Amino acid sequence: MTRDQIINTPLCELIADYPFMVTFLENNTIQRFKDSKDSLITCVASITEDESEEWAIDKKNIMSTVFDFYTQMRALLGIKDEETVKSLTLVAGHNKSKELETFGEFTIHASEIIAIVGPTGSGKSRLLADIEWTADRDTPTNRQIKINGVVPDKKWRFASGNKLVAQLSQNMNFVMDLTVGEFIELHASSRMIEGIDEMSIKILDKANHLAGEPFTMDTPITSLSGGQSRALMIADTAILSHSPIVLIDEIENAGIDRKKALELLVSEEKVVLMATHDPILALMADKRIIIKNGGITDIIVTTDEEKAMLVELEKVDNYIQAKRTELRTGARLHMGKSLLEVING
Ligand SMILES: Nc1ncnc2c1ncn2[C@@H]1O[C@H](COP(=O)(O)OP(=O)(O)O)[C@@H](O)[C@H]1O
Ligand SMILES: [Mg+2]
(Lines give C-alpha, C1' and ligand atoms only; values in the text may rest on other atoms or scores of the structure.)
(Ligands and ions follow the chains in the order given, each with its own letter.)
Protein backbone atom coordinates (compact mmCIF):
# COMPACT_ATOMS: atom_id res chain seq x y z
CA MET A 1 0.00 0.00 0.00
CA THR A 2 1.06 3.54 -0.61
CA ARG A 3 0.80 6.23 2.04
CA ASP A 4 -2.26 7.61 0.26
CA GLN A 5 -3.97 4.25 0.28
CA ILE A 6 -3.25 3.74 3.97
CA ILE A 7 -4.74 7.02 5.08
CA ASN A 8 -7.75 6.67 2.78
CA THR A 9 -8.78 3.06 3.45
CA PRO A 10 -11.60 2.51 5.97
CA LEU A 11 -9.86 1.66 9.24
CA CYS A 12 -11.90 -1.50 9.79
CA GLU A 13 -10.63 -2.81 6.43
CA LEU A 14 -7.07 -1.70 7.02
CA ILE A 15 -7.04 -3.51 10.38
CA ALA A 16 -8.62 -6.61 8.89
CA ASP A 17 -5.69 -6.79 6.47
CA TYR A 18 -3.02 -5.57 8.88
CA PRO A 19 -4.02 -6.30 12.48
CA PHE A 20 -0.79 -4.74 13.71
CA MET A 21 -2.23 -1.34 12.83
CA VAL A 22 -4.31 -1.55 16.04
CA THR A 23 -1.04 -1.01 17.88
CA PHE A 24 -0.51 2.17 15.94
CA LEU A 25 -3.93 3.44 17.00
CA GLU A 26 -3.22 2.46 20.62
CA ASN A 27 0.16 4.16 20.57
CA ASN A 28 -1.60 7.32 19.56
CA THR A 29 -4.54 6.86 21.98
CA ILE A 30 -7.04 6.69 19.16
CA GLN A 31 -7.92 2.98 19.43
CA ARG A 32 -11.58 3.90 19.62
CA PHE A 33 -11.47 4.18 15.80
CA LYS A 34 -10.40 0.62 15.24
CA ASP A 35 -13.78 -0.52 13.92
CA SER A 36 -14.51 2.64 12.04
CA LYS A 37 -15.76 2.53 8.51
CA ASP A 38 -14.04 5.85 7.96
CA SER A 39 -10.48 6.31 6.85
CA LEU A 40 -7.67 7.43 9.13
CA ILE A 41 -7.69 10.86 7.53
CA THR A 42 -11.41 11.29 8.25
CA CYS A 43 -11.18 9.92 11.78
CA VAL A 44 -8.28 12.14 12.70
CA ALA A 45 -10.05 15.14 11.23
CA SER A 46 -13.04 14.41 13.47
CA ILE A 47 -10.99 14.72 16.64
CA THR A 48 -11.86 17.98 18.36
CA GLU A 49 -9.34 20.36 19.88
CA ASP A 50 -10.59 19.54 23.38
CA GLU A 51 -10.29 15.86 22.76
CA SER A 52 -6.84 16.11 21.37
CA GLU A 53 -5.73 18.13 24.38
CA GLU A 54 -7.35 15.81 26.90
CA TRP A 55 -5.85 12.66 25.39
CA ALA A 56 -2.61 14.25 24.21
CA ILE A 57 -3.37 13.30 20.65
CA ASP A 58 -0.87 14.67 18.18
CA LYS A 59 -2.85 14.74 14.95
CA LYS A 60 0.03 15.88 12.79
CA ASN A 61 2.31 13.24 14.16
CA ILE A 62 -0.25 10.52 13.43
CA MET A 63 -0.46 11.46 9.80
CA SER A 64 3.28 11.79 9.37
CA THR A 65 4.26 8.53 11.08
CA VAL A 66 1.57 6.13 9.96
CA PHE A 67 3.35 5.08 6.78
CA ASP A 68 6.68 4.50 8.51
CA PHE A 69 4.95 2.40 11.14
CA TYR A 70 3.25 0.35 8.45
CA THR A 71 6.41 -0.26 6.44
CA GLN A 72 8.54 -1.05 9.48
CA MET A 73 6.03 -3.49 10.88
CA ARG A 74 5.70 -5.24 7.58
CA ALA A 75 9.45 -5.53 7.27
CA LEU A 76 9.70 -6.84 10.84
CA LEU A 77 7.01 -9.39 10.25
CA GLY A 78 8.50 -10.37 6.91
CA ILE A 79 5.31 -9.58 5.01
CA LYS A 80 5.83 -9.64 1.29
CA ASP A 81 4.88 -6.78 -0.93
CA GLU A 82 1.40 -7.23 -2.21
CA GLU A 83 2.15 -5.12 -5.24
CA THR A 84 2.44 -8.23 -7.31
CA VAL A 85 3.64 -8.16 -10.84
CA LYS A 86 0.95 -9.70 -12.99
CA SER A 87 2.45 -8.62 -16.25
CA LEU A 88 5.41 -6.93 -17.83
CA THR A 89 5.02 -5.15 -21.14
CA LEU A 90 7.76 -4.29 -23.60
CA VAL A 91 6.97 -1.30 -25.76
CA ALA A 92 8.91 -1.29 -29.01
CA GLY A 93 11.92 0.98 -29.50
CA HIS A 94 14.48 0.82 -32.26
CA ASN A 95 17.46 -1.27 -33.29
CA LYS A 96 21.07 -0.17 -33.64
CA SER A 97 20.31 1.37 -37.04
CA LYS A 98 17.47 3.38 -35.48
CA GLU A 99 14.88 1.35 -37.38
CA LEU A 100 11.68 0.92 -35.38
CA GLU A 101 10.89 -2.46 -33.91
CA THR A 102 7.66 -3.72 -35.37
CA PHE A 103 6.12 -5.69 -32.51
CA GLY A 104 4.32 -2.72 -31.00
CA GLU A 105 3.76 -4.01 -27.48
CA PHE A 106 4.52 -7.42 -26.06
CA THR A 107 3.10 -8.45 -22.71
CA ILE A 108 4.56 -11.22 -20.58
CA HIS A 109 2.40 -12.65 -17.84
CA ALA A 110 3.51 -13.96 -14.48
CA SER A 111 4.54 -17.62 -14.60
CA GLU A 112 5.63 -17.35 -18.23
CA ILE A 113 9.19 -18.12 -19.21
CA ILE A 114 10.53 -16.14 -22.13
CA ALA A 115 13.82 -16.89 -23.86
CA ILE A 116 15.84 -14.25 -25.68
CA VAL A 117 17.87 -15.58 -28.58
CA GLY A 118 20.18 -13.98 -31.11
CA PRO A 119 23.86 -13.81 -32.06
CA THR A 120 26.49 -12.44 -29.68
CA GLY A 121 26.38 -8.67 -29.71
CA SER A 122 22.80 -8.56 -30.99
CA GLY A 123 21.40 -6.94 -27.88
CA LYS A 124 20.16 -9.69 -25.55
CA SER A 125 21.85 -8.29 -22.45
CA ARG A 126 20.69 -4.83 -23.51
CA LEU A 127 17.08 -5.98 -23.47
CA LEU A 128 17.51 -7.43 -19.98
CA ALA A 129 19.11 -4.17 -18.89
CA ASP A 130 16.13 -2.23 -20.27
CA ILE A 131 13.86 -4.32 -18.08
CA GLU A 132 16.08 -4.07 -15.04
CA TRP A 133 16.15 -0.30 -15.39
CA THR A 134 12.43 -0.19 -16.25
CA ALA A 135 13.41 1.79 -19.33
CA ASP A 136 11.21 4.74 -20.10
CA ARG A 137 12.48 5.74 -23.53
CA ASP A 138 15.73 6.70 -21.86
CA THR A 139 18.10 3.90 -22.94
CA PRO A 140 19.93 3.36 -26.26
CA THR A 141 17.02 1.24 -27.54
CA ASN A 142 14.33 3.82 -26.76
CA ARG A 143 12.15 1.02 -25.38
CA GLN A 144 9.66 1.43 -22.60
CA ILE A 145 8.75 -1.05 -19.90
CA LYS A 146 5.38 -1.21 -18.25
CA ILE A 147 4.48 -3.19 -15.16
CA ASN A 148 0.85 -4.28 -14.80
CA GLY A 149 0.08 -2.13 -17.80
CA VAL A 150 1.48 1.12 -16.49
CA VAL A 151 4.86 2.86 -16.49
CA PRO A 152 6.20 2.04 -13.03
CA ASP A 153 7.25 4.46 -10.39
CA LYS A 154 10.90 5.44 -10.78
CA LYS A 155 11.41 4.56 -7.12
CA TRP A 156 12.07 0.99 -8.23
CA ARG A 157 15.23 2.14 -9.94
CA PHE A 158 16.85 3.59 -6.90
CA ALA A 159 15.35 1.60 -4.06
CA SER A 160 18.13 -0.03 -2.12
CA GLY A 161 18.01 -3.72 -2.87
CA ASN A 162 15.54 -3.22 -5.74
CA LYS A 163 12.98 -5.89 -5.02
CA LEU A 164 11.31 -5.81 -8.39
CA VAL A 165 14.00 -7.59 -10.32
CA ALA A 166 16.42 -10.35 -9.49
CA GLN A 167 19.15 -10.41 -12.07
CA LEU A 168 21.73 -13.02 -12.76
CA SER A 169 24.24 -11.39 -14.98
CA GLN A 170 26.67 -12.82 -17.44
CA ASN A 171 29.81 -11.51 -15.80
CA MET A 172 30.23 -11.99 -12.14
CA ASN A 173 33.47 -10.91 -10.65
CA PHE A 174 33.59 -11.02 -6.92
CA VAL A 175 35.98 -8.50 -5.52
CA MET A 176 34.90 -8.65 -1.91
CA ASP A 177 37.04 -10.36 0.63
CA LEU A 178 34.38 -12.65 2.09
CA THR A 179 33.82 -16.32 2.64
CA VAL A 180 30.80 -18.00 1.10
CA GLY A 181 29.17 -18.13 4.54
CA GLU A 182 29.73 -14.41 5.14
CA PHE A 183 28.45 -13.57 1.68
CA ILE A 184 25.20 -15.47 2.21
CA GLU A 185 24.76 -14.03 5.67
CA LEU A 186 25.23 -10.52 4.32
CA HIS A 187 22.55 -11.09 1.75
CA ALA A 188 20.15 -12.76 4.10
CA SER A 189 20.47 -10.13 6.78
CA SER A 190 20.00 -7.31 4.29
CA ARG A 191 16.69 -8.89 3.44
CA MET A 192 15.70 -9.28 7.07
CA ILE A 193 15.22 -12.98 6.89
CA GLU A 194 14.88 -15.05 10.03
CA GLY A 195 16.72 -18.29 10.58
CA ILE A 196 19.78 -17.21 8.66
CA ASP A 197 21.80 -20.28 9.62
CA GLU A 198 19.26 -22.70 8.26
CA MET A 199 18.80 -20.60 5.17
CA SER A 200 22.55 -20.47 4.58
CA ILE A 201 22.86 -24.23 4.74
CA LYS A 202 20.01 -24.57 2.27
CA ILE A 203 21.64 -22.14 -0.14
CA LEU A 204 25.03 -23.83 0.05
CA ASP A 205 23.38 -27.18 -0.44
CA LYS A 206 21.45 -26.05 -3.51
CA ALA A 207 24.52 -24.35 -4.93
CA ASN A 208 26.53 -27.53 -4.54
CA HIS A 209 23.80 -29.41 -6.38
CA LEU A 210 24.27 -27.11 -9.33
CA ALA A 211 28.03 -26.86 -9.39
CA GLY A 212 30.35 -29.66 -10.37
CA GLU A 213 32.94 -29.32 -7.64
CA PRO A 214 31.68 -28.74 -4.12
CA PHE A 215 32.65 -25.81 -1.94
CA THR A 216 32.05 -24.95 1.70
CA MET A 217 30.99 -22.04 3.91
CA ASP A 218 34.67 -21.27 4.51
CA THR A 219 35.64 -21.02 0.84
CA PRO A 220 36.59 -17.42 0.00
CA ILE A 221 34.24 -16.22 -2.74
CA THR A 222 37.18 -14.89 -4.72
CA SER A 223 38.47 -18.42 -5.14
CA LEU A 224 35.23 -19.87 -6.49
CA SER A 225 35.32 -21.08 -10.07
CA GLY A 226 33.01 -19.52 -12.64
CA GLY A 227 30.57 -22.36 -12.27
CA GLN A 228 30.67 -22.30 -8.49
CA SER A 229 30.06 -18.57 -8.23
CA ARG A 230 27.25 -18.81 -10.73
CA ALA A 231 25.74 -21.67 -8.77
CA LEU A 232 26.01 -19.67 -5.55
CA MET A 233 24.29 -16.66 -7.11
CA ILE A 234 21.50 -18.80 -8.52
CA ALA A 235 20.85 -20.58 -5.24
CA ASP A 236 21.04 -17.29 -3.38
CA THR A 237 18.58 -15.63 -5.73
CA ALA A 238 16.22 -18.58 -5.79
CA ILE A 239 16.03 -18.89 -2.03
CA LEU A 240 16.38 -15.34 -0.76
CA SER A 241 14.74 -13.26 -3.40
CA HIS A 242 11.03 -12.68 -3.62
CA SER A 243 11.43 -10.57 -6.71
CA PRO A 244 8.55 -11.09 -9.10
CA ILE A 245 10.77 -10.65 -12.15
CA VAL A 246 13.79 -12.86 -12.75
CA LEU A 247 16.30 -11.97 -15.44
CA ILE A 248 18.86 -14.57 -16.42
CA ASP A 249 21.77 -13.83 -18.71
CA GLU A 250 23.39 -16.88 -20.27
CA ILE A 251 23.65 -19.28 -17.36
CA GLU A 252 24.76 -22.10 -19.62
CA ASN A 253 28.42 -21.31 -20.06
CA ALA A 254 29.53 -21.76 -16.52
CA GLY A 255 29.57 -25.51 -16.08
CA ILE A 256 26.49 -25.82 -13.92
CA ASP A 257 23.44 -27.95 -14.26
CA ARG A 258 21.44 -25.40 -16.20
CA LYS A 259 18.19 -27.28 -16.21
CA LYS A 260 18.21 -27.68 -12.45
CA ALA A 261 19.18 -24.01 -12.21
CA LEU A 262 16.19 -22.95 -14.26
CA GLU A 263 13.84 -25.15 -12.26
CA LEU A 264 15.16 -23.65 -9.06
CA LEU A 265 14.72 -20.08 -10.27
CA VAL A 266 11.35 -20.43 -11.87
CA SER A 267 8.37 -20.41 -9.63
CA GLU A 268 4.72 -19.99 -10.27
CA GLU A 269 4.11 -16.30 -9.93
CA LYS A 270 7.26 -15.03 -11.53
CA VAL A 271 8.01 -13.41 -14.85
CA VAL A 272 11.19 -15.01 -16.15
CA LEU A 273 13.29 -13.76 -19.04
CA MET A 274 16.48 -15.50 -20.01
CA ALA A 275 19.03 -14.75 -22.69
CA THR A 276 20.42 -18.00 -23.99
CA HIS A 277 22.27 -19.77 -26.78
CA ASP A 278 21.24 -23.13 -25.42
CA PRO A 279 18.54 -24.91 -27.45
CA ILE A 280 17.31 -26.81 -24.42
CA LEU A 281 16.80 -23.70 -22.34
CA ALA A 282 15.31 -21.86 -25.33
CA LEU A 283 12.75 -24.59 -25.91
CA MET A 284 11.91 -24.87 -22.23
CA ALA A 285 10.56 -21.34 -22.56
CA ASP A 286 6.97 -20.67 -23.54
CA LYS A 287 8.01 -18.10 -26.11
CA ARG A 288 11.23 -16.77 -27.50
CA ILE A 289 12.17 -13.27 -28.49
CA ILE A 290 14.42 -13.08 -31.56
CA ILE A 291 16.95 -10.25 -31.55
CA LYS A 292 19.03 -9.00 -34.46
CA ASN A 293 21.13 -5.87 -34.71
CA GLY A 294 19.81 -4.59 -31.39
CA GLY A 295 16.15 -4.95 -32.29
CA ILE A 296 13.41 -7.49 -31.60
CA THR A 297 12.45 -8.95 -34.97
CA ASP A 298 10.10 -11.71 -33.95
CA ILE A 299 8.40 -13.37 -31.00
CA ILE A 300 7.78 -17.06 -31.45
CA VAL A 301 5.54 -19.32 -29.40
CA THR A 302 7.22 -22.65 -28.67
CA THR A 303 5.30 -25.20 -30.71
CA ASP A 304 4.25 -28.67 -29.61
CA GLU A 305 6.63 -30.06 -32.18
CA GLU A 306 9.47 -28.13 -30.57
CA LYS A 307 8.45 -29.28 -27.10
CA ALA A 308 8.57 -32.84 -28.38
CA MET A 309 12.05 -32.22 -29.78
CA LEU A 310 13.08 -30.99 -26.36
CA VAL A 311 12.77 -34.55 -25.11
CA GLU A 312 15.22 -35.74 -27.78
CA LEU A 313 17.58 -32.87 -27.17
CA GLU A 314 17.65 -33.70 -23.48
CA LYS A 315 18.59 -37.28 -24.21
CA VAL A 316 21.43 -36.15 -26.44
CA ASP A 317 22.47 -33.68 -23.82
CA ASN A 318 22.48 -36.29 -21.07
CA TYR A 319 24.59 -38.48 -23.32
CA ILE A 320 27.13 -35.71 -23.84
CA GLN A 321 27.15 -34.82 -20.14
CA ALA A 322 27.81 -38.45 -19.27
CA LYS A 323 30.74 -38.57 -21.71
CA ARG A 324 32.08 -35.36 -20.24
CA THR A 325 31.99 -36.83 -16.76
CA GLU A 326 33.72 -39.98 -17.94
CA LEU A 327 36.48 -37.99 -19.63
CA ARG A 328 36.93 -35.76 -16.63
CA THR A 329 37.34 -38.71 -14.32
CA GLY A 330 40.03 -40.22 -16.53
CA ALA A 331 38.01 -42.95 -18.17
CA ARG A 332 38.52 -44.30 -21.68
CA LEU A 333 35.40 -44.03 -23.79
CA HIS A 334 33.87 -47.03 -25.49
CA MET A 335 31.32 -47.25 -28.22
CA GLY A 336 28.06 -48.01 -26.52
CA LYS A 337 24.70 -47.21 -27.93
CA SER A 338 24.67 -45.15 -31.09
CA LEU A 339 23.17 -41.71 -30.76
CA LEU A 340 20.10 -42.82 -32.67
CA GLU A 341 19.58 -45.57 -30.13
CA VAL A 342 20.03 -43.05 -27.33
CA ILE A 343 17.30 -40.89 -28.81
CA ASN A 344 14.95 -43.76 -29.47
CA GLY A 345 15.63 -45.65 -26.27
N1 LIG B 1 18.85 -1.04 -30.00
C2 LIG B 1 20.11 -0.71 -29.69
N3 LIG B 1 20.57 0.53 -29.94
C4 LIG B 1 21.84 0.86 -29.64
N5 LIG B 1 22.74 0.03 -29.07
C6 LIG B 1 22.35 -1.20 -28.79
C7 LIG B 1 21.02 -1.64 -29.07
N8 LIG B 1 20.90 -2.92 -28.67
C9 LIG B 1 22.10 -3.28 -28.17
N10 LIG B 1 22.96 -2.25 -28.23
C11 LIG B 1 24.37 -2.27 -27.81
O12 LIG B 1 25.05 -3.28 -28.52
C13 LIG B 1 26.07 -3.87 -27.71
C14 LIG B 1 25.91 -5.38 -27.66
O15 LIG B 1 24.70 -5.72 -27.05
P16 LIG B 1 24.55 -6.85 -25.93
O17 LIG B 1 23.22 -6.66 -25.32
O18 LIG B 1 25.72 -6.88 -25.03
O19 LIG B 1 24.57 -8.15 -26.86
P20 LIG B 1 24.41 -9.70 -26.45
O21 LIG B 1 24.07 -9.77 -25.00
O22 LIG B 1 23.33 -10.22 -27.33
O23 LIG B 1 25.72 -10.33 -26.77
C24 LIG B 1 25.94 -3.22 -26.36
O25 LIG B 1 26.89 -2.19 -26.24
C26 LIG B 1 24.52 -2.67 -26.37
O27 LIG B 1 24.37 -1.56 -25.50
MG1 LIG C 1 25.07 -10.64 -23.44
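Analyst: A helix here is a DSSP run of H or I with at least four residues, and helices are numbered from the N terminus. Helix 7 is one of these, and spans residues 124-132. It gives three residues to the shell around ligand 1, the largest share of that shell. Keep in mind that this is a predicted model.

Start with the whole chain. It has 345 residues, and 30% of them count as buried. It holds 15 helices and nine strands. Take the contacts between residues at least 6 apart in sequence. Of these, 68% join residues at least 24 apart.

Now the close look: helix 11 and its packing. Two numbers describe a pair of packed helices: the angle between their axes and the distance between the axes.

Begin with helix 10. This helix covers residues 196-210, and helix 11 covers residues 226-240. Their axes come within 8 Å and cross at roughly 135 degrees.

Next, look at helix 12, residues 258-265. Its axis is 9 Å from that of helix 11, and the two pack at an angle of about 20 degrees. Helix 11 and helix 12 are therefore roughly parallel to each other. Their crossing is left-handed. On the helix 11 side, the contact uses Ile234, Ala235, Thr237 and Ala238. On the helix 12 side, it uses Ala261, Leu264 and Leu265. Six of the residues in this contact are nonpolar, one is polar and none is charged.

Go back to ligand 1 for a comparison of residue types. In its shell, 16 residues surround the ligand. The closest are Gly123, Lys124, Ser125, Arg126 and Gly294. This shell divides into two nonpolar residues, 11 polar and three charged.

Gln321 sits in helix 14, residues 304-328. Is Gln321 buried or exposed? It is exposed, because 11 other C-beta atoms lie within 10 Å, and 12 or fewer counts as exposed. Gln321 is 64 residues from Asp257 in sequence, yet their C-alpha atoms are 9.8 Å apart.

The other two concern the backbone. Most residues other than glycine have a negative phi. Lys98 has a positive phi, near 65 degrees. This residue lies in the loop between strand 1 (87-91) and strand 2 (105-109). Lys98 is exposed, with 10 other C-beta atoms within 10 Å. Arg137 also has a positive phi, of about 60 degrees, and is not a glycine. Its place is the loop between helix 7 and strand 4 (144-147). Arg137 counts as exposed, with 12 C-beta neighbours inside 10 Å.

Note on methods:
Residues are numbered from 1 along each chain as its sequence is written. Chains are lettered from A and ligands numbered from 1 in the order in which they are written. This is a predicted model: local features need pLDDT of at least 70, side-chain atom pairs count only at pLDDT 80 or more; totals for chains, interfaces and linings use all residues. A residue is buried if 20 or more other C-beta atoms lie within 10 Å of its own, exposed if 12 or fewer, and partly exposed in between; C-beta atoms are placed from the backbone. Two residues are in contact if their C-beta atoms, placed from the backbone, lie within 7 Å. Axes are lines fitted to C-alpha atoms, for helices over the stretch in contact, and angles run from 0 to 180 degrees between N-to-C directions. A residue is near a molecule or strand if its C-beta atom, placed from the backbone, lies within 6 Å of it. Ala, Val, Leu, Ile, Met, Phe, Trp, Tyr, Cys and Pro count as nonpolar, Asp, Glu, Lys and Arg as charged, and the others, Gly among them, as polar. Angles under 35 degrees count as roughly parallel, over 145 as roughly antiparallel, 65 to 115 as roughly perpendicular and the rest as oblique. A crossing is left-handed if the near helix is turned anticlockwise from the far one by less than a right angle, and right-handed if clockwise.
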